[in-house]
Amino acid sequence: MDERLSVLVLDDEPIVGRRLQPALAKIGCDVEIFEAPGPALERLKEKAFHIVVTDIRMDDMDGIEVLERVMERNPETRVIMITGYATVEMAREAEAKGAFDFIAKPFKPQELRDVIAKAADSLGFHGVAHAAVPDVP
Amino acid sequence: MAVVLISRGTMSGGRDLAACLSEQLSLRPVSREDLVAVVDAQGGELAKKVVDGLNHATRAYEQFSRLRRSYLILMRSALLEFVREGNVVYHGHAGHLLLPNLSCCLRVRITTTKARRVENAMKRLNLSKEEASEAVLQEDEERVRWARFVYGCDIRDPHLYDAWFSLDRLTVPAICNMIVGALREKEFQHTPQSMEAMANLFLATRVEAALVSDPRTHELEVGARARGGAVVLEGPYLEDAPLAEVMEIVSAVPGVTAVEYEPGCPSSMEFTT
Amino acid sequence: MPIIFICSVPFSGGERVAKSLAQKLGYGYMSREDVVARANEAGIPVGKLEVAMVKRPSVQERMARLKDRYLAVATATICEKAQDGNLVYYGRAGHRLLPGVSHVLRLHVLPEHGQRVETVMTRLKLSREKAEKFLRDIDGDILAWVRFVHGIDMDDSRMYDFVANLENLNLENAATALCGVAELPDFRPTPASQRAMQDRFLQAQARIKLSLDDRTADVDLTVRANDGVLTITYVPLQARAASLISDAVGDLPGCREIRCTMASTNVLWIQEAFKPDSETFREVNELARRWGAAVELLQYKPGDAPSDAVAVAVGRSAAMEARTGGVEDDVPEARPSSEEKSFQETLEALVHEGRSGGGQRVSGSRDRLSAVISPSIPYSLVVLGDLFLDKPPATRTRLVRELSMFLGDHVKAPVLSTADLAAKLHLGGREVARGAVAGVLVVLIYCGVFLWQDKLIDLLGGPAHKAAPWFAAVLVALMAPVIAFLYGSVLASMMKWLKMD
């Protein structure tokens with residue numbers, strides 16, 4: 001498959017996007033960063049991203065609602081939830097509504113890469129799993 | 001019109017709680033022995049044999065499982081004789097499981113720590129500590145086995161009760177006060193609907209009890225539903241003669257005004273929640 | 001007046017019972033959400049523990065220390081709010097945070113299933129099937145949480161003073177019933193229970209300070225408070241941290257004295273590869289539990305290229321940091337081998353049990369092994385586990401025996417292999433039979449002595465003795481050790497049975 005894995009990252013903390021962009025670009029993903037749900041959802045109307053990584057606790061709209069909208073629009077998209085305020089109820093609600101995985105902050109970028117590799121695998125992008133293994137000095 | 005059904009752990013103070021409630025609310029205390037006396041008085045020789053037989057049954061499942069249904073019907077009928085009048089506190093091991101989940105009845109379990117139960121056993125039965133400990137453990141196991149055999153459930157499951165109290169730090173008077181307070185709430189007051197449901201259940205159970213007490217119909221496994229005086233029977237397909245016997249026995253039960261038989265439906269038993 | 005802990009699962013109505021009760025009684029109200037918010041503010045990522053309950057990896061990676069820190073914050077938060085009693089707390093088995101405090105009322109609320117499903121369907125906009133699955137899943141997760149954090153079964157009714165089943169009791173009814181209990185004299189604070197609560201508060205605050213201080217965060221410490229005296233016990237392997245403890249704790253209100261002590265009972269477990277789910281781990285852990293001992297792990301690779309001892313510590317989860325937004329540095333790190341992972345997991349399991357004495361790895365000759373074992377550490381026992389794994393069984397047994405003898409000469413502690421450990425400490429069928437036979441023989445001998453005591457006295461000091469004095473000496477020389485052996489066998493079996501080591 002020549003197509004690159006497209007990933008949309010949504011988190012209202014700018015530092016998160018700044019840290020995740022290079023971390024995911026490392027494994028050959030095309031990454032777009034958004035800090036607000038509105039523009040992210042608008043962009044999702046224009047392009048069907050393979051993977052959406054979204055925070056949960058945001059001011060305008062919570063990540064569960066983003067998940068619902070993404071699933072409604074494009075059920076094939078793999079949605080990965082990230083949050084610093086995870087609870088079992090939240091994680092299971094996300095699972096019930098179709099989230100692919102759920103990661104509690106703080107996390108290492110490698111953890112997210114591992115999950116993205118699994119998500120990519122489920123979409124038929126098998127090469128990402130190999131690229132996700134880090135270089136060990 | 002309060003009805004309290006107490007399931008007590010071995011040597012757990014259940015009798016004391018029943019006595020306290022009886023005094024505070026003028027409730028009639030009823031125990032398992034009272035139910036057996038009713039069965040003896042009303043059910044005839046066959047009924048007496050069923051109840052006596054099942055007392056020895058728990059270790060011989062195959063031999064006695066056929067008695068189980070008859071036992072449950074007869075004991076339920078006896079309990080309803082008391083409960084339908086209201087103002088009753090029943091204390092036993094698992095007798096509350098004889099009745100379906102009636103809205104006007106409060107099902108309570110009372111337990112305490114093993115150390116306290118051993119102490120109670122030492123005082124009541126005049127035993128040494130080791131003997132009392134052994135006795136309490138054996139009695140616990142026996143009760144669990146009995147309930148599993150007779151009712152098909154674990155009496156230690158808190159979902160079988162409305163309230164579970166531990167006498168570890170709560171006292172009998174405190175628990176009694178809590179129950180008295182709860183019974184004042186409207187959920188536990190009789191309403192016309194709950195009285196009607198009780199009357200229907202009582203009639204249906206009396207019909208079933210009459211059928212299991214009669215040697216001609218004892219083995220037939222016919223269930224009953226009642227509404228007003230109209231009774232609908234559910235059971236196996238019957239030849240004319242046995243069917244006639246069933247209809248004759250049921251029609252003779254006081255309160256029955258009409259009888260209908262629905263063959264081919266298995267009789268339903270609602271003994272647990 | 002009491003601190004009332006109401007424990008229930010989400011969407012059960014338990015929270016409404018708690019709020020209603022607090023309102024009726026005029027008490028303060030606090031829920032688990034408040035505690036979690038406080039923990040998050042303190043930089044403790046509680047969410048990681050929560051998600052671990054959902055994903056349930058085989059061993060909770062780095063969860064043990066996180067759990068301890070969370071418990072300390074939870075205890076401190078509740079104690080602060082409940083200084084005068086008069087608090088209703090709603091959560092998951094929160095009453096377990098205050099052991100020894102008698103003015104605590106423990107309540108469990110069982111939900112009405114049908115209503116619960118409807119609530120979830122409405123609130124979360126799920127189908128009935130998904131709502132049912134959601135509830136099954138979160139109930140399982142919360143049971144797992146309570147088991148992991150508090151070590152109990154949340155559904156065990158013996159843990160509570162009162163269990164209310166909302167299938168029949170309505171919420172208001174349950175709250176009304178509870179009002180009466182809260183007024184009972186049995187649940188009023190006494191000076192002793194107030195003291196106990198202050199000690200729990202002090203202990204929690206000390207634990208928080210030690211875990212947030214980088215110098216002491218990774219040190220295996222036991223913190224106890226009794227009557228205002230803080231006793232902090234460290235393991236011998238981490239003795240260097242002892243000097244930092246008092247400084248890290250600093251001044252705490254209510255603390256009269258800080259005592260730092262080294263754990264006096266330590267078991268050194270030497271093995272080539274560790275697994276937390278192994279039978280040996282279970283046996284060593286059981287022994288450590290009986291002795292109140294810390295267990296130090298020493299991973300030893302005999303015959304490998306010699307290496308210096310490498311200390312291994314259980315790392316702590318990174319704290320939530322605002323400057324990173326929760327995304328840690330993208331630093332490549334080598335994936336641990338499965339053996340290293342197992343070693344870490346075993347260490348983690350010991351931390352979870354509160355019995356970790358730290359760990360280290362070494363390879364090389366047995367002299368190198370001996371050099372690594374510190375002579376200043378008072379080990380109560382050295383256990384040799386599975387070693388020389390690449391050798392055939394007979395060779396393995398011989399080498400372990402030789403190592404045992406070698407270490408016995410160099411270490412001031414008894415050395416046992418795991419096979420000997422089982423034989424010495426566990427009462428199997430064979431030991432019972434041996435003890436019974438020895439017991440019968442002892443009884444027979446005693447009976448013989450007392451039945452024929454006249455003849456024996458004659459033999460030992462009477463005319464018969466004068467006729468053949470050598471006979472008595474021979475008899476005593478033969479019988480004394482036999483009786484001692486039989487008597488010792490009986491006693492050994494009894495002590496094993498009583499678990500007196």
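Six bridges tie β7(B) to β8(B), and the two strands run parallel. Strands here are DSSP runs of E with at least two residues, helices are runs of H or I with at least four residues, and both are numbered from the N terminus. Two strands count as paired if DSSP finds at least two bridges between them. Within this pair, B:Ala230 stands opposite B:Ala258 in β8(B).

A word on the model: it is predicted, so local features need pLDDT of at least 70 and side-chain atom pairs count only at pLDDT 80 or more, while totals for chains, interfaces and linings use all residues. Residues are numbered from 1 along each chain as its sequence is written, chains are lettered from A and ligands numbered from 1 in the order in which they are written, and side-chain values use heavy atoms, leaving out hydrogens and water.

**The sheet and its helices**

Contact means heavy atoms within 4.5 Å; axes are lines fitted to C-alpha atoms, for helices over the stretch in contact, and angles run from 0 to 180 degrees between N-to-C directions.

**A closer look at α8(B)**

Helix α8 (residues 240-251) of chain B has 12 residues and reaches 16 Å from its first C-alpha to its last, close to the 16 Å expected at 1.5 Å a residue. That expectation is 1.5 Å times one less than the number of residues.

Which residues of α8(B) are buried? They are B:Val246, B:Ile249 and B:Val250. These cover an arc of only 95° around the axis, which puts them on the same side of α8(B); the arc is that of the directions from the helix axis to the C-beta atoms. On the other side, B:Asp240 and B:Ala241 are exposed. Buried means under 20% relative accessible area, exposed over 50%, and partly exposed in between (1.4 Å probe, protein chains only). The cover over the buried residues includes α7 (192-213), β7 (230-235) and β8 (258-263) of chain B.
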